[in-house]
Amino acid sequence: LFDGIYPFYPQQRKAASFDISTIIVILVFLTLACSFLLIIPGIRGRARLYWTLRVLLSLFMGVGIVVVQFTGDWETGWVQANTFYKSFSCAVVNADIGVHIGLQGVNITLKGNPVNQINETINYNEHFSWSFGSNYDRTYSEGLEKGLPSPILYVAEKFTSQSPCAVHRQYRISGHYTSATLWVAFCTWIISNILFSMPALVYGGYMLLVTGAFMAFSLLSFSTVRNSPMCLIQIGTATLHVAYGGSFWLTLVIGLLCFVAGITVVALHHLNLDLLKTFFDLREDKAEEYQEMAEVHVNSYAVNKAL
């Protein structure tokens with residue numbers, strides 16, 4: 001042993017709070033936001049407030065559309081129960097078992113209460129992917145060969161293609177089309193920002209409405225998994241129930257925000273164009289609008305000759 005562990009054998013995987021792709025996306029958008037905040041002092045007057053509100057609101061929409069592609073909490077469920085720890089063992093542990101369903105797969109977590117029980121550290125986070133190009137059943141078989149804890153294997157078995165629950169295909173197809181629809185929404189979000197900068201304000205508002213529509217389609221696509229009733233996940237005497245998670249509600253909020261912003265822009269274009277131009281810092285200075293014509297010197301000889 002080396003510090004109480006076997007140094008030449010792989011150690012159990014620890015639970016992770018964030019996926020690395022999620023962290024990268026957040027850092028990219030934070031960099032854009034910080035870059036804008038560095039130049040905001042150069043904008044004078046009320047336009048500074050309008051620019052800050054527009055840019056930060058747009059970045060919030062963009063980061064939300066992209067980050068939910070990689071999160072694993074479109075559906076979540078937790079339960080605390082006394083359960084057998086591993087096969088061919090009578091050891092019973094008290095643990096929190098969690099299910100975190102994303103667009104690309106499912107994460108199953110097992111955390112002991114307390115973490116150290118039966119001379120082991122019980123803190124697992126195992127990912128099983130069902131995205132196109134991956135083999136969920138093979139990943140599950142590898143988990144069996146590794147000897148993962150029984151609660152993790154029991155929950156993972158519910159999502160296999162051979163399971164009587166028959167939800168594997170539904171989650172796989174729904175996640176695929178939800179992801180594709182969100183990428184289209186991200187493209188329309190980029191187009192809306194381009195139109196706002198051209199400026200073509202009313203068309204930018206229309207594209208925001210299209211963005212909100214595609215986000216609504218993504219929510220509808222993922223919600224189709226509810227058409228297949230989920231098998232009961234019975235762990236000990238407790239039942240693990242799955243409900244919509246943070247990513248689902250974040251997508252809903254951003255979709256509603258796109259609808260509200262788009263409707264506001266289109267309505268102001270038809271009802272109060274001056275106010276819309278003021279918000280986008282496009283209104284000309286009144287002094288320039290009503291500037292008197294400069295004095296003109298007329299050559300009287302040329303005028304008389306022309307007459």
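**Entry 1: F29 and the cores**

I looked up F29 first. Leaving out residues up to four places away in sequence, F29 touches L59, G62, V63, V66, F186 and W189. I take contact as heavy atoms within 4.5 Å. The model is predicted: local features need pLDDT of at least 70, side-chain atom pairs count only at pLDDT 80 or more, and totals for chains, interfaces and linings use all residues. Residues are numbered from 1 along each chain as its sequence is written, and side-chain values use heavy atoms, with hydrogens and water left out.

I then listed the cores. A nonpolar core is a set of buried Ala, Val, Leu, Ile, Met, Phe, Trp, Tyr and Cys residues joined through side-chain atoms within 4.5 Å. Buried means under 20% relative accessible area, exposed over 50%, and partly exposed in between (1.4 Å probe, protein chains only). The largest core holds 34 residues, and F29, M61, I65, W74 and M215 touch the most other members. Two or more residues come from each of α1, α2 (47-67), α5 (168-197), α6 (201-223) and α7 (246-271). Helix α2 gives the most, with eight residues. I also found a second, separate core of 32 residues, which includes Y85, Y124, F159 and C165.

**Entry 2: elements and totals**

I counted ten helices and seven strands. These are DSSP runs numbered from the N terminus: helices are H or I with at least four residues, strands are E with at least two. Of the 307 residues, 40% count as buried. Among contacts with a separation of 6 or more, residues 24 or more positions apart account for 67%. The protein exposes about 18,200 Å², and carbon and sulfur atoms supply 63% of it. Accessible areas come from the Shrake-Rupley method with a 1.4 Å probe; for residues, only the protein chains shown count as cover.

**Entry 3: the surface of α1**

I checked helix α1 (residues 20-39), where I24 lies. I20 is found in helix α1 too. I20 counts as exposed at 56% relative accessibility. I24 is partly exposed at 48%. Both belong to a nonpolar surface patch made of I20, I23, I24, I26, L27, V28, L30 and L32, with about 700 Å² of accessible area together. Patches use residues with over 30% relative accessible area and no salt bridge; like charges are joined within 9 Å, nonpolar side chains (Val, Leu, Ile, Met, Phe, Trp, Tyr) within 5 Å. From I24 I took one distance: V67 is 43 residues away in sequence and 9.2 Å away in space, C-alpha to C-alpha.

**Entry 4: E75**

E75 lies in strand β1 (residues 75-84). At 1% relative accessibility, E75 is buried. Not counting residues up to four places away, I find E75 touching V99, H100, I101, Y171, F222, V225, R226, V242, A243, Y244 and G245. A polar contact of 2.5 Å joins the side chains of E75 and Y171. A polar contact is a pair of N or O atoms within 3.5 Å; within protein, one must be able to donate a hydrogen and the other to accept it, and residues adjacent in sequence count only if both atoms are side-chain atoms. The C-alpha atoms of E75 and G246 are 7.8 Å apart, across 171 residues of chain.

**Entry 5: the salt bridge**

I searched for salt bridges (a side-chain nitrogen of Lys or Arg within 4 Å of a carboxyl oxygen of Asp or Glu). The count came to one. The side chains of E126 and K146 form it, at 3.9 Å, N to O. E126 is in strand β4 (residues 120-129) and K146 in helix α3 (residues 136-146), so the pair ties together parts 20 residues apart in sequence. E126 is buried at 4% relative accessible area, whereas K146 is exposed at 55%.
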